[in-house]
Amino acid sequence: MDMPNDYLDFLQLLNKSPNPLHPYSDNLLDFAHWLKYFSDDVSFFEYVKPKHVYDYKSHLWRLHDSNVTKINGKIEAIAAYMDWAIEQGWIEKNPVSEAVHLKEGRLARWLDKDNYSALEWTVEDFFRGSLLNDDAYCKRIRNMALTLLLLNTGLLLDEALALQLSDVQNSLGRGKGSVTVRHSKDDKQRIIPLNNNNLFRLVLIIWIECRRRTHNQHYFFLPLRTFEERPLSVQTAQRAIKQLGNMAGLSGLTPLILRNTFTKSLIDQGVPLEKVAALLGHESLDTLRIYTIPNEQNAEQVVAKLEIPPIKE
C-alpha cells in the first residue's frame with residue numbers, strides 16, 4: 001500500500017514529520033503488509049474490519065513480548081489514519097475504535113462465540129509468523145496445547161497437569177484419539193474422546209513431537225529446561241493461560257473459564273446432563289444446573305424469537 005501524499009501533508013499539519021520512515025507512516029505500512037495474509041485483491045480501506053485490528057493486536061503482543069507502550073503506539077497510528085480516511089469520505093467507521101469497544105471488560109463465566117474465535121485466531125496467528133523450532137517455540141506450543149486441551153476436554157487443571165504421555169492416545173491425525181484421566185478429584189478413571197477440531201489436534205501433534213525430541217519424561221506437560229521427572233507447576237500453567245488470553249484480548253482467562261466453556265457448549269448442543277456429568281467427573285447433576293440458566297445474551301435471543309399475538313379488542 002502506497003502512503004497517500006495527502007496523508008503525509010496531514011501528518012505535517014499535526015507537527016509530525018512527513019518523512020515516510022516516520023513511525024506513524026511506518027507503523028501503518030507494517031499493518032498493511034501484515035494484512036496481506038488475509039487478502040491481496042481487496043482494497044485496504046474496504047477490507048479492514050475490527051476483527052483484523054484485533055488480530056493484529058494479538059500478533060503485536062506476541063512479536064513485542066507484551067510491550068504495551070510499543071503496541072499502543074502502532075495501534076494509535078492505524079486509528080489516526082482511519083480517522084483521516086473518514087474525513088476523506090472513504091470509510092464510514094473507524095475499525096480500531098470498534099475493535100477496542102468489542103473487547104473491553106473482563107470475561108464472564110465462560111467464553112462466548114466471539115471469545116472462542118479470538119482465542120483460535122491468536123493460535124493461528126502464531127503459526128503464520130513462527131518459523132523457529134527452539135525452546136521458545138516449544139514453550140509457546142506447550143502453552144497453547146494446554147489451553148486448548150482444557151477448552152476442548154473440560155479437564156481440571158490438576159487433572160491436565162497429572163496426565164502422562166501414554167494417557168493421550170496418539171491417533172490424532174486420523175480423526176480419533178482420547179484422553180484418559182487417572183488422577184481425578186474422586187480418584188475415578190474416565191476417558192474423554194477428543195473432538196474433531198483440526199487446530200486443537202494440530203497443536204497437540206506438534207507439542208507431542210516437540211517434547212519427544214527434547215524429553216523422555218512421562219508427564220505430558222512439563223518444564224522445558226529441566227530433566228527432572230516432574231510436571232508443569234500449577235502457577236506456571238495458570239500464568240501461561242493468562243498470557244495467551246491477554247494475547248487474544250481476553251483479560252482474566254483462567255482454567256475454570258475454559259472448563260465452564262466446554263460444559264456450556266455441550267449443554268447448549270443438547271447433550272444430556274448425565275453424559276456431561278460423566279465427562280466432567282461430576283457425581284451430582286445439581287452442579288450443572290447453573291449452565292442451564294440463560295445469561296443476558298441468551299435471554300435476549302429467546303425473547304427476540306417470540307411472536308406475541310395481537311390483542312383483540
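**Reading a disulfide and its helices**

Author: Cys138 counts as buried, because its relative accessibility is 6% (buried means under 20% relative accessible area, exposed over 50%, partly exposed in between, with a 1.4 Å probe and protein chains only). Cys210, at 1% relative accessibility, also counts as buried. The model is predicted: local features need pLDDT of at least 70, side-chain atom pairs count only at pLDDT 80 or more, and totals for chains, interfaces and linings use all residues. Residues are numbered from 1 along each chain as its sequence is written, and side-chain values use heavy atoms, with hydrogens and water left out.

Reader: How many disulfides does the structure hold?

Author: A disulfide is a covalent bond between the sulfur atoms of two cysteines. The structure holds one, where the criterion is a pair of cysteine sulfur atoms within 2.5 Å. Cys138 and Cys210 form this disulfide, with their sulfur atoms 2.2 Å apart. The link of Cys138 and Cys210 is left-handed, with -75° about the S-S bond.

Reader: Which helices hold Cys138 and Cys210?

Author: Cys138 lies in helix H8 (residues 135-153) and Cys210 in helix H10 (residues 198-214); the pair is 72 residues apart and links distant parts of the chain. Helices (H or I, at least four residues) and strands (E, at least two) are DSSP runs, numbered from the N terminus. The protein has 14 helices and two strands.

Reader: At what angle do H8 and H11 cross?

Author: Two packed helices are described by the angle between their axes and the distance between the axes. The axes of H8 and helix H11 (residues 234-247) cross at roughly 90° and come within 9 Å; axes are lines fitted to C-alpha atoms, for helices over the stretch in contact, and angles run from 0 to 180 degrees between N-to-C directions. H8 and H11 are therefore roughly perpendicular (65 to 115 degrees).

Reader: Which residues of H8 and H12 meet?

Author: Thr147, Leu150, Leu151, Asn152 and Thr153 in H8 meet Pro255, Leu258, Arg259, Thr261 and Phe262 in H12. Helix H12 (residues 255-268) packs against H8 at an angle of about 35°, with the axes 6 Å apart.

Reader: What share of the protein's residues is buried?

Author: Of the 313 residues in the protein, 45% are buried.

Technical notes:
Contact means heavy atoms within 4.5 Å. Angles under 35 degrees count as roughly parallel, over 145 as roughly antiparallel, 65 to 115 as roughly perpendicular and the rest as oblique.
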